[in-house]
Amino acid sequence: MPEFTPVYLPQSGPNDITATIAEWSKPAGRQVQRGEVVGVAETTKSVLDLEAPTAGLFWPLAGPGAEVSVGAIVAAVGGEASSQATAAAWLAQQAQPDAATKAPAAAGAARIGTLKAQLLAQRHGIELAQVPSVHERITEADVQSYLAAQAAAPSAVPAAPANAPVTYSVAPAADELRDLVEDRYPYVGPQRLLIIGGGNGAIQILDALAKLPHQRAVAILDDNPAIHGKSVAGVPVLGAIDVARAVDMAAARQIDAAVISISTSIAARTRIFEQWKSRGLAFANVVHSSCVIGMNVHWGEGNVVMALCHFGACATIGDNNFLSAYCSIEHHCVLGRHCSFGPAVVTSSRVQIEDGVRFGSGIYIEPGIRIGAGSVIASGLAITQHIAPQSLLKAHTGYSIRTRSLG
């Protein structure tokens with residue numbers, strides 16, 4: 001078998017466990033030189049180059065969209081006698097060097113999923129064995145596709161659990177009241193919110209709500225069964241994310257609106273928002289009390305805005321965006337829907353940001369720039385030109401660490 005030099009997925013940040021192959025910039029079989037960029041991978045906060053470790057023929061071994069673990073082999077560089085088939089065979093040999101001496105795996109053995117796939121499956125209470133995949137490992141994208149297919153099916157929405165709150169078709173009678181004031185006068189008191197997701201994002205929302213007298217959280221839904229029946233800062237986690245249960249709670253006047261705490265997965269935010277809106281549920285804007293909001297700012301719904309953000313005069317904010325602390329949307333900017341911002345993303349005036357854009361942190365955008373839908377903007381960039389839809393922007397940064405001389 002021809003010899004190959006592996007292309008490993010590097011670690012971009014200390015918290016990165018996996019990354020997604022965004023694209024291969026070189027076709028299979030192309031002659032490449034050592035250090036030449038052959039592809040791009042994407043993490044939740046950055047975009048990184050994949051480089052050829054040596055000269056030779058390039059053979060990709062993970063398709064675009066595949067989620068792979070840090071340190072995994074994603075491609076190989078071989079000699080003149082190499083091919084895609086021999087590269088694939090070589091990869092299989094690396095994964096199972098003693099395959100010839102092992103007994104064949106039992107039929108129907110469980111397939112391995114990536115870490116993100118396992119977490120997503122656990123969050124939604126599904127078995128990975130149920131998820132179809134063309135990959136050797138089940139990816140997060142495979143699980144998302146499976147969930148989307150379930151949501152589209154008429155029977156996909158599970159019935160409310162047996163202990164779900166009672167649904168009232170009319171206003172409750174006096175003996176059915178749980179709160180003698182809020183149940184009688186539901187439009188007078190603070191807005192009662194159902195938080196979707198019980199992780200770190202929920203803690204951020206609860207921190208903001210602690211300073212907002214007109215809103216309060218009354219319940220949390222999360223797909224992690226380990227926290228069901230527990231509470232987050234005193235707010236009970238009732239069970240899994242279940243649109244049917246939320247509809248019942250709204251009908252029973254136990255909640256007034258929902259808010260999504262998930263910040264890093266635009267796909268999840270979008271799916272939940274659109275599905276729940278189609279069932280008639282309202283979404284609230286949660287805006288930290290320290291934010292500065294100019295005149296004539298137009299708001300959509302379902303936005304989460306953390307501390308010390310700024311919105312200039314006549315800015316337009318769409319639906320279901322998550323803005324971390326210290327972001328600034330300047331005057332006359334237009335922000336679309338389903339976007340996610342890391343801390344300290346600063347726009348100048350008249351910037352237009354289309355739907356589903358994910359920003360890292362520490363990003364500056366010049367006046368009048370348009371950023372196309374579905375783009376990913378890595379941390380530490382200054383944007384000075386229009387960005388086409390579905391673009392990946394990465395920063396060419398680096399630093400060195402040395403011991404100080406104290407002489």
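Phe 283 has a relative accessible area of 6%, so this residue is buried (buried means under 20%, exposed over 50%, partly exposed in between, with a 1.4 Å probe and protein chains only). The model is predicted, so local features need pLDDT of at least 70 and side-chain atom pairs count only at pLDDT 80 or more, while totals for chains, interfaces and linings use all residues. Residues are numbered from 1 along each chain as its sequence is written, and side-chain values use heavy atoms, leaving out hydrogens and water.

**Aromatic pairs**

- Searching the whole structure gives 5 aromatic pairs (rings of Phe, Tyr and Trp, the last by its six-membered ring, with centres within 6.5 Å; planes under 30 degrees apart are stacked, over 60 edge-to-face, the rest tilted).
- One of them joins Trp 24 and Phe 58, which are tilted because their planes meet at 55 degrees, with centres 5.4 Å apart.
- Trp 24 belongs to strand E2 and Phe 58 to strand E6, so this pair ties together parts 34 residues apart in sequence (strands, E, are DSSP runs of at least two residues, and helices, H or I, of at least four, numbered from the N terminus).
- Trp 24 is buried at 16% relative accessibility, and Phe 58 is buried at 0%.
- Phe 273 and Phe 283 are also tilted, with ring centres 4.7 Å apart and planes at 40 degrees.
- Phe 273 sits in helix H6, and Phe 283 in the loop between H6 and strand E14.
- Phe 273 is buried too, at 1% relative accessibility.

**An open sheet**

- An open sheet of 5 strands has the order E11-E12-E10-E9-E13, with mixed pairing (two strands pair if DSSP finds at least two bridges between them).
- Strands E11 and E13 are the edges, each pairing on one side only.
- E11 and E12 run antiparallel and are joined by 2 bridges; Ser 231 has Pro 236 in E12 as its bridge partner.
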